[in-house]
Amino acid sequence: MPSVVGLLEQHELSARRRVDELREEADRIQAELTVAEREWKEWAIARSRVGAVLVAGNGDAGVEAAREVRDAAKPKTQVPVWREGLAWSVLSADYQRILQALADRHRLHQGPLTCQEMAAVFGMDVVPAKVEALRSKAKRLVARGWLTERQPGLFTLVDAVASRSGDGS
């Protein structure tokens, strides 16, 4: 019969191996992320330079062409930090939908929403994957100053955003 200490050592060894495997995977993913971020920055620089060349070469027409290049290449998953006068249109449709749902709740004095409630409001299946995707977006909006989370999991518009919710800016 194996000893208790021996069994504990086996479980410890198994757990340590799992931790080592996960660390290796995390290191691999971190390396991939670093490469992807570098590539993304290079494309952003290229887009910026093309815009500058278009502006310099064509006057007003170049300014319009540069604006089209900038808007076409704008990554829609980025959430800018909220500031006075910033329109909701800078956000992707998913983020705008979250803001609109919370603006409706604010207007009707119904209080905060959970991510499960958001999923139901949006007609989504209330399953962990969908709820967590919404939670990630809501947390990003909190981090950028668009929403508040006064209690864990309960999201509302920041007062300044709520006061401008009707005009979309």
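**Exercise 1. Characterise the salt bridge between Lys 137 and Asp 94.**

Solution. The side chains of Lys 137 and Asp 94 meet in a salt bridge, with an N to O distance of 4.0 Å, where a salt bridge is a side-chain nitrogen of Lys or Arg within 4 Å of a carboxyl oxygen of Asp or Glu. This pair links distant parts of the chain, since Lys 137 belongs to helix 4 and Asp 94 to helix 2, 43 residues apart; helices (H or I, at least four residues) and strands (E, at least two) are DSSP runs, numbered from the N terminus. With a relative accessibility of 36%, Asp 94 counts as partly exposed, a class lying between buried (under 20% relative accessible area) and exposed (over 50%), computed with a 1.4 Å probe on protein chains only.

The model is predicted, so local features need pLDDT of at least 70 and side-chain atom pairs count only at pLDDT 80 or more, while totals for chains, interfaces and linings use all residues. Residues are numbered from 1 along each chain as its sequence is written, and side-chain values use heavy atoms, with hydrogens and water left out.

**Exercise 2. Describe the salt bridges Glu 21 to Arg 18 and Asp 104 to Arg 107, and state how many salt bridges the structure holds.**

Solution. Begin with helix 1 (residues 4-73), which contains both Glu 21 and Arg 18, three residues apart, or about one turn of the helix. Their side chains form a salt bridge at 4.0 Å, N to O; Glu 21 is partly exposed because its relative accessibility is 48%, and Arg 18 is likewise partly exposed, with a relative accessible area of 48%.

Next, in helix 2, Asp 104 and Arg 107 are separated by about one helical turn because they stand three residues apart. The closest N and O atoms of this salt bridge are 3.1 Å apart. Asp 104 is partly exposed at 29%, whereas Arg 107 is exposed, with a relative accessible area of 53%. In total, the structure holds six salt bridges.

**Exercise 3. Locate Leu 134, decide whether it is buried or exposed, and list its contacts outside the sequence neighbourhood.**

Solution. Leu 134 lies in helix 4, and it counts as buried because its relative accessibility is 5%. Leaving aside neighbours within four places in sequence, Leu 134 is in contact (heavy atoms within 4.5 Å) with Ile 98, Cys 115, Met 118, Ala 119, Phe 122 and Met 124. The C-alpha atoms of Leu 134 and Thr 114 are separated by 9.5 Å, the two residues being 20 apart along the chain.
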